[in-house]
Amino acid sequence: MHRHHGPALRAHAAFTPFFLLVVAFGIFGIASLFPFSPAPVAPPSYIAAALAATFMRLMAAYIAAVICAVPLAILATRGALMEKIFLPVFDILQSVPTLAFFPLVIAIFLQYGFVNGAAVFILFLNMLWNIVFSLIAGIGAVPHEIFSAARVFNMRGAFFFKRVLLPAILPAFVTGSLFAWAEGWNVVIIAEVLHTYIPGGTSANDLFGIGSVLANAPASGSGATFIAAILGLVGLIAVLNFVVWQRLLHYAETYRFE
Amino acid sequence: MRKHTDSNDIIAFEAVSKAYGTGDAALKDASLSVERGSFTCIIGPSGGGKSTALKIIAGLEEPTSGTVMKPDHVSMVFQSGALMPWLTAGENAALPLEAQGMAADKAAREARKWLRMLGLRGLEGKLPRELSGGERQRVGIARALAVNPAMLLLDEPFAALDPKTTDDLHRDIVDIWKETGKTIVMVSHSIEEAVALSTRILLMKDHVVRKTFDIDLPHPHRAHAVAFSREVAHIRKEFFK
């Protein structure tokens, strides 16, 4: 079956090898900065466990972001009045630098002894708006006649949501999710390194994950662990890109309106 | 809004106005009627109110004032086809039936019957992007007929098609009208198309029906070239008046 690929997808596909090349050069550059260190290299299982912990944190944040983003986007696009009310509010909220509130978020979650929640919450906030705005754009891009056809043919409620709206916004949802995960990977290092936000905190306060491994390895003089962690991180992102995102982007093209 | 009562008219507008939030009026005290079983075409310049009238008939818009009599169960063919790109031709045609609560396999059988009637045998499994413009419109017509509506509305369904495909579809739509006896209301920009297909033409200008023309030619109308040309010239004169 012949499928059409949008310029964004083609650009994305072309950009990925270039990005990996830049990363590889970057790693060699960084490695040359570290003096030889006798600190032991973390075993692969340790790096893998750190990656798994971070991945689970991102996944929890992503699921929460999707659960909130879909109704928010639908609400904001239900007529001109709703758009007037919600879009400026969303614009302001997404412009607020969430990391500025991180110490407060940690303090709140520490009270309940649930510091993992602080990291997931910050990741959630950073992922949310990518999905919300992609979905709003996606709903706006659905031809008006599709909604008219749905009304004429009495497609309402759950049937309309499941059989018309959700498939119609699938391409935007995939694109938004891709951006959300990219944002999540960016923020995860800060989100796991909690000790800088806790008065008198040490690395023992950090959450176990690839972010905290990356942040703490240079400080402990283990350049090799840092490089292993970077390679693991880049490898996981590359695998996710090829195995999940590229396939999803390709699949979502079927759902795109011409 | 008054609903359809016992009359030979299936649609009746009495002093219907429609104004949008911006203050722009699409209809101003417009009155019109459509006879049951007729093939009525609404023509007129852009902004004259014909699309708004069709949307009110379809239930997509509510009038600001006035009385509208229309059947509840109408169906529509859209200019772009308005097909779901992720569904096959068969699934698209079956979707309204499933929305009515029909089981998926029964809906698929019913949809297949209409697709075959419209000459799409073997194309049931194709996605809209794998079909030509004419085939996509045929799927849209099959979808509209599958729900067995009281009336079929056509919103400039041939505007984006090439002349050959348009001619083929003109023949098909007239055949469907004759076979099913359904009332058809079509909006068109083309006077020739309106004269070729319909039994009555409503000319909408300045937000009201300016003139009604009864086309009394045996089908196919174009075969009666002199009478056809005379009708077109007559309507054109009123159109540009």
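Two strands pair if DSSP finds at least two bridges between them, where strands (E, at least two residues) and helices (H or I, at least four residues) are DSSP runs numbered from the N terminus. This is a predicted model, in which local features need pLDDT of at least 70, side-chain atom pairs count only at pLDDT 80 or more, and totals for chains, interfaces and linings use all residues. Residues are numbered from 1 along each chain as its sequence is written, while chains are lettered from A and ligands numbered from 1 in the order in which they are written.

In chain B, strand β1 (residues 9-19) and β4 pair in the antiparallel sense over 4 bridges, and B:Glu14 stands opposite B:Thr67 in β4(B). These strands belong to an open sheet of 3 strands with the order β2-β1-β4 and antiparallel pairing, whose edge strands, β2 (25-35) and β4 (65-69) of chain B, each pair on one side only.

Turning to chain A, the buried residues of helix α4 (residues 102-111) are A:Phe102, A:Val105 and A:Ile106, a residue being buried if 20 or more other C-beta atoms lie within 10 Å of its own, exposed if 12 or fewer, and partly exposed in between, with C-beta atoms placed from the backbone. On the other side of α4(A), A:Leu104 and A:Gln111 are exposed. What covers the buried residues of α4(A) includes α5 of chain A. Leaving aside its neighbours within four places in sequence, A:Ile122 is in contact (C-beta atoms, placed from the backbone, within 7 Å) with residues including A:Phe102, A:Val105 and A:Val187. The helix α4(A) is followed by A:Gly113, whose phi is positive, near 65°.

Notes
Two residues are in contact if their C-beta atoms, placed from the backbone, lie within 7 Å.
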